[in-house]
Structure formats: C-alpha cells, structure tokens
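Reader: I am new to reading protein models. Please take me through this one step by step, starting with its metal site.

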Amino acid sequence: MKEKNSNNIIHEWNIIDTPSREEIIKEEYNHCSLCGEELMFTHNTDFRFLKVEEEAECMSCGVRHKKDHHILQ
Ligand SMILES: [Zn+2]
C-alpha cells in the first residue's frame, strides 16, 4: 500500500509540464507588457537602407512596442 502511494506521486510529477526558457521568452515577446494581451506585429521594410523595422501593437490598450531592427543581407 505504501509503495502504491509513492508510485502515484511520481506519476503526478510526470504530468506537470513546465514551460521551457524559450517558451517563456517567446510568450513575453508576443504579449503586451502592460495588459498581457497578444500583440499584432507589423514589419516595415525599408529598401533604401535595406532594413526591416518590426513594430508590435497591442489591440487592447493601443500601446506600440518597437521591436528589433533586422538588416537584410
Ligand atoms: Zn496592452
């Protein structure tokens, strides 16, 4: 009986799915830092300077988040 209880505990631990570091970072990146709503991304490509400006806008509170600038190869 005692052995069965410990088996149940081990089984419970296996069910718990902890998010990876990458998943947490991605989650923070895709969501508004103010209200936590999902962000809408827009990419403005500037061909004169060969760069892409990534902008994220929150549909809920209207906050704009400037994201990374990518240099085109
Ligand atoms: Zn927001």
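**A guided look at the model**

Reader: Which residues coordinate the zinc ion, and at what distance?
Author: Look for donors, meaning N, O and S atoms within 2.8 Å of the metal (3.2 Å for Na, K and Ca); water is not among the atoms, so sites may look incomplete. Here the SG atoms of Cys 32, Cys 35, Cys 58 and Cys 61 coordinate the zinc ion, at 2.3 Å.

Reader: What pLDDT do local features need here?
Author: Residues are numbered from 1 along each chain as its sequence is written, and side-chain values use heavy atoms, with hydrogens and water left out. This is a predicted model, in which totals for chains, interfaces and linings use all residues, side-chain atom pairs count only at pLDDT 80 or more, and local features need a pLDDT of at least 70.

Reader: Where in the chain is confidence lowest, and where is it highest?
Author: The scale is pLDDT, the predictor's confidence in each residue, from 0 to 100. For the chain the mean is 80, and 74% of the residues reach 70 or more. Where pLDDT is low, the predicted coordinates should not be read in detail. Confidence is lowest, with a mean of 58, in helix 1 (residues 2-15), while the highest value, 90, belongs to strand 2 (residues 51-58).

Reader: What pattern does the chain follow along the sequence?
Author: Helices (H or I, at least four residues) and strands (E, at least two) are DSSP runs, numbered from the N terminus. The chain has two helices and three strands. Read in sequence order, they follow α-α-β-β-β.

Reader: What is the geometry of the site of the zinc ion?
Author: Four donors count as tetrahedral if all angles lie between 85 and 135 degrees; four count as square planar and six as octahedral if opposite donors are over 155 degrees apart and all others between 65 and 115; anything else is irregular. Ideal angles are 109.5 degrees for four tetrahedral donors. Among the four donor atoms of the zinc ion the angles run from 102 to 120 degrees, which makes the site tetrahedral.

Reader: Is Glu 55 buried or exposed?
Author: Glu 55 sits in strand 2, and its side chain makes a polar contact with the side chain of Arg 64 at 2.3 Å. A polar contact is a pair of N or O atoms within 3.5 Å; within protein, one must be able to donate a hydrogen and the other to accept it, and residues adjacent in sequence count only if both atoms are side-chain atoms. Buried means under 20% relative accessible area, exposed over 50%, and partly exposed in between (1.4 Å probe, protein chains only). At a relative accessible area of 13%, Glu 55 is therefore buried.

Reader: What is the relative accessible area of Ala 56?
Author: Ala 56 is also found in strand 2. Not counting residues up to four places away in sequence, Ala 56 touches several residues, among them Leu 39, Val 63 and Lys 67, where contact means heavy atoms within 4.5 Å. Ala 56 is buried, and its relative accessible area is 0%.

Reader: Which residues form the aromatic pair?
Author: Rings of Phe, Tyr and Trp (its six-membered ring) pair if their centres lie within 6.5 Å; planes under 30 degrees apart count as stacked, over 60 as edge-to-face and the rest as tilted. A search of the whole structure finds one such pair. With 5.6 Å centre to centre and 15 degrees between the planes, the pair is stacked, and its members are Tyr 29 and Phe 41.

Reader: What is phi of Leu 50 near?
Author: Leu 50 is in the loop between strand 1 and strand 2. Most residues other than glycine have a negative phi. Leu 50 has a positive value, near 50 degrees.
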